[in-house]
Every structure is written in C-alpha cells, then in structure tokens.
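Hello,

Here is the structure I promised to pass on. Please open it first, then read my notes below.

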Amino acid sequence: VERKVVHFKKDCISCGACAAINPEFWEMDAEGLAHLKGSTEVKDHWELKIPEKDRESNQEAADVCPVNIIHVKED
C-alpha cells in the first residue's frame, strides 16, 4: 500500500495550523502559504509519498486544516 499526502496549496488561507502541529513535514513559505516539505507539484496540487509511520502526524495536519485542503490517501 502506497500512502501520500495531497495538498491543494492554491487554496491555502495561511492559517499555519499544519505547520504548528507537524513542523517535521509542514512549513510556511515566503508567500505565507503552507508548504509540504519535499513535495512535488502535480497538476493542481502538491504531493509527497510517506511511510506508514508518518501517516498519523500528517492526518492530524489534515484534520486541523480549516479549509480541508490536505488529504492523506492510500493507493
């Protein structure tokens, strides 16, 4: 099972909740938008493959996002 975090950065409202709860993976960029560290831009979103051990912390970041633009998916 492959896990990935999907982030629709264009819809970010710069609240910083993801970076506050999971700074290992999330930071605020120079424009004040959330950025998923190490992620790659794919069409209209950013994504990063993660191991199972990092699923929970990224799900917490997704859960605190007030605009619901962070998703942890399994393929």
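A nonpolar core is a set of buried Ala, Val, Leu, Ile, Met, Phe, Trp, Tyr and Cys residues joined through side-chain atoms within 4.5 Å. Buried means under 20% relative accessible area, exposed over 50%, and partly exposed in between (1.4 Å probe, protein chains only).

The model is predicted: local features need pLDDT of at least 70, side-chain atom pairs count only at pLDDT 80 or more, and totals for chains, interfaces and linings use all residues. Residues are numbered from 1 along each chain as its sequence is written, and side-chain values use heavy atoms, leaving out hydrogens and water.

The core: the largest one has 17 residues. Val5, Cys18, Phe25, Trp26, Leu36, Ile50 and Ile70 have the most contacts inside it. Helix H1, strands S3, S5 and S6, and helix H2 each give two or more residues to this core. Helices (H or I, at least four residues) and strands (E, at least two) are DSSP runs, numbered from the N terminus.

Contact means heavy atoms within 4.5 Å. Leaving aside neighbours within four places in sequence, Leu36 is in contact with residues including Val5, Phe25 and Trp26.

Asn22 lies in the loop between H1 (17-21) and strand S2 (26-28). Is Asn22 buried or exposed? Asn22 is buried, at 4% relative accessible area. Not counting residues up to four places away in sequence, Asn22 touches Ser57, Asn58 and Ala61.

Phe8 sits in the loop between strand S1 (3-7) and H1. Phe8 and His71 are 63 residues apart in sequence, yet 8.9 Å apart in space, C-alpha to C-alpha.

Best wishes
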